[in-house]
Amino acid sequence: MQKMKILPGPNLEKILLPSDLRNVAEEDLVKISAELRQYIIDVVSVYGGHFGASLGVVELTVALHYAFNTPVDQLIFDVGHQAYGHKILTGRRDIFHTNRLYKGISGFPKRTESEYDSFGVGHSSTSISAALGMAVASKLKGEHDKQHIAVIGDGALTGGMAFEGLNHAGVANANIIVVLNDNCMSIDPNVGALKEYLTDITTSPTYNKFKDDIWKTLDRLNKVGQISQDILSKVHDTLKGGLLRHSNLFEALGFRYFGPVDGHDVNHMVKIFNDLKKIPGPKLLHCVTVKGKGFAPAEKDQAKWHAPGLFDKVSGEIIKVPVLVPQPPKFQDVFGNTLVELAELNEKIVGVTPAMPSGSSMNIMMKAMPDRAFDVGIAEQHAVTFSAGLATQGMIPFCNIYSTFMQRAFDQVVHDVALQKLHVIFCMDRAGLAGADGPTHHGMLDVPFMRCVPNMVVSAPMNEEELRNLMFTSSLEKNAGPFSIRYPRGNGVMIDWKRPFAEIEIGKGRKLRDGDDIAILSFGTAGILAQTALNLLEKEGVYGAHYDMRFAKPLDEEILHEVFNKFKHIVTVEDGTILGGFGSAVLEFMADHHYQSNVVRMGMPDKIIEHGEQPELYAECGFDAKGIQRMVKSVLGVRQKV
Ligand SMILES: Cc1ncc(C[n+]2csc(CCOP(=O)(O)OP(=O)(O)O)c2C)c(N)n1
């Protein structure tokens, strides 16, 4: 269906770049902010994407580009899901409707896409470290006027890296401004003691008085004209010597803390940023904003409107594709419901998620058993070691981390879990091609990095029933030890998925189909694609055998001996990188046992796979059903139909 071209408002229309924005009168910024907000609503309602976070930083974004000299000044949005306004103001308005679409612009800032995207983002809590690196480089190069700004949410601030960055920045004496965008939300409501602390300082009268004093002082200095270093350091010393240093976390870390301020007052924000520019060293501005600001349903249910899909911008109704026949469940829901079932059977079972209760469906357990399921904030490393700690005391944690975010916690997996052979079960959601979120979010590396860890079981279910059985198997005391289960984003294939648990022998695959021409060995849900390919091939007179291997480690050696003894041609298929993945494991087996067959590995090639719908990306990587069919025919030398 042809979608209507979306037109910007009359003021926004004139702004193609931040230099245009900087030419408008300050009083017009309110109008421009309103039009920018409307444009985001208009486009996202029809084309989809992240939503509430960008609405919440509209005024902040306008004020930042107005007050700072971007792209010379370096502006970094943490995670980047809130950077839609930034994209629209920095030369991408007319292609914004291609956001997250195959071959369109990325949903996140990306250095190759624009000089205004100072740093590629997607994973949380990196902005302070990156901005500090830039600030130190500017200092070394003698670029003393250059500004380096990290915009970070209160959710992203819960990530360990953010603290590492603050800790370093506090003593690095470099020109960095951290803008803390505090909306009390992560994707779900933010959690933890830091959140409580931010709420405290936002509502405390002492801090509010202090804030006023600071702004009054700066105002006075401004009126006098040049702020001399002398006066400035006196103001600073007074503040530092006073209440702040002792009671403000950021002051204690060497930052000058300003705020809390209303992040929706665009003119005030411009004034503040202009003042902050004149103060050297590390500064933190605490802004209070509302996620979903300006779109009532999004303000009301902020978690739902983080990334709502398409919606009617007038009624605020989220558009659901009518479901005429029962659909298979999402893998994440099979995980969430199965975990509760298992936890009901075994009181030692607990759940851990780093800030993804809705995304992983851990919220099902959090609701059913609030004492036994933990959202630990955006803290993957902590989630793993916290699980390890639980396991030392006999608990059985199911630690659910998206494959891509598990990359953060590799050392904890090795050092804290595997070396101590602790019984932690890693459930890696969004394993494989993630879709529209793109390369920062594809779960392509987990098989190689889990496979090389001693003691680790590496498994992947082909369907929902297999996921349940792997979860059940992994929880058994006799299988105590590190265990990983990977599954993809989206729906499975079984309507009737809630079947009684059955134990799977560790390292045992299953033969699904006999055939003489070729063998396909699949790992995980790629097996569904292989099945379809084999059906198509059968119609063309090609008969392949199919083995769902279930485990990349330990491998089912019995099956592999059978396969290598029988077949000259073998194809491996997996939804992950082919470097060091399941197919590589098969090649290692072949070499170790001196077999000589023709093994072709299918999966993600060794390159960056961009964003798009999952089927588009499978096709690009060549391992959709048609791609497998083509590959089998080419391996066997069967003539292709043109
Ligand atoms: C390392 C990592 N873990 C998890 C995520 C998933 N994630 C994306 S946005 C987000 C919440 C961010 O909250 P906040 O920084 O407060 O921004 P807001 O959406 O509230 O504006 C999370 C958990 C991520 N991007 N990176």
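Trainee: Are phenylalanine 68 and phenylalanine 273 buried or exposed?

Mentor: In this predicted model, phenylalanine 68 is buried, and phenylalanine 273 is buried as well. A residue is called buried when its relative accessible area is under 20%.

Trainee: How are the rings of phenylalanine 68 and phenylalanine 273 arranged as an aromatic pair?

Mentor: One reads such a pair from the distance between the ring centres and the angle between the planes. Here the centres of phenylalanine 68 and phenylalanine 273 are 5.5 Å apart with 55° between the planes, and the pair is tilted. Phenylalanine 68 belongs to the loop between helix 5 and strand 1, while phenylalanine 273 belongs to helix 14, so the pair ties together parts that are 205 residues apart in sequence.

Trainee: Which charged end sits over the ring of phenylalanine 68?

Mentor: That of lysine 277, placed 5.7 Å from the centre of the ring.

Trainee: Why is the pair of tyrosine 618 and phenylalanine 623 edge-to-face?

Mentor: Planes over 60 degrees apart count as edge-to-face. The planes of tyrosine 618 and phenylalanine 623 stand at 75°, with the ring centres 5.2 Å apart, so this pair falls into that class. Tyrosine 618 is buried at a relative accessible area of 15%, and phenylalanine 623 is buried at 0%.

Trainee: How many aromatic pairs are there, and which rings are linked into a cluster?

Mentor: The count comes to 20 aromatic pairs, and ring pairs link Phe51, Phe295, Trp305 and Phe311 into a cluster.

Trainee: How should I read the salt bridges?

Mentor: Side chains of opposite charge can pair when their charged atoms come close. The structure holds 33 salt bridges, among them one between aspartate 556 and lysine 508, at 3.2 Å from N to O. Aspartate 556 lies in the loop between strand 15 and helix 25, and lysine 508 in the loop between strand 11 and strand 12, so parts that are 48 residues apart in sequence are tied together. Aspartate 556 counts as buried at 2% relative accessibility, whereas lysine 508, at 23%, counts as partly exposed.

Trainee: Which glutamate meets lysine 508 in a salt bridge?

Mentor: Glutamate 558 does, at 3.1 Å from N to O. Glutamate 558 lies in helix 25, so its pairing with the loop that carries lysine 508 ties together parts that are 50 residues apart in sequence. Glutamate 558 is exposed, with a relative accessible area of 59%.

Methods
Residues numbered from 1 in each chain as written. Predicted model: local features only at pLDDT ≥ 70, side-chain atom pairs only at ≥ 80, totals over all residues. Heavy atoms only, no water. Salt bridge = Lys/Arg side-chain N within 4 Å of Asp/Glu carboxyl O. Helix = DSSP H or I, 4+ residues; strand = E, 2+ residues; numbered from the N terminus. Buried < 20%, exposed > 50% of the residue type's maximum accessible area, 1.4 Å probe, protein only. Phe/Tyr/Trp six-rings, centres within 6.5 Å; stacked < 30°, edge-to-face > 60°. Lys NZ or Arg CZ within 6 Å of the ring centre and 35° of its normal.
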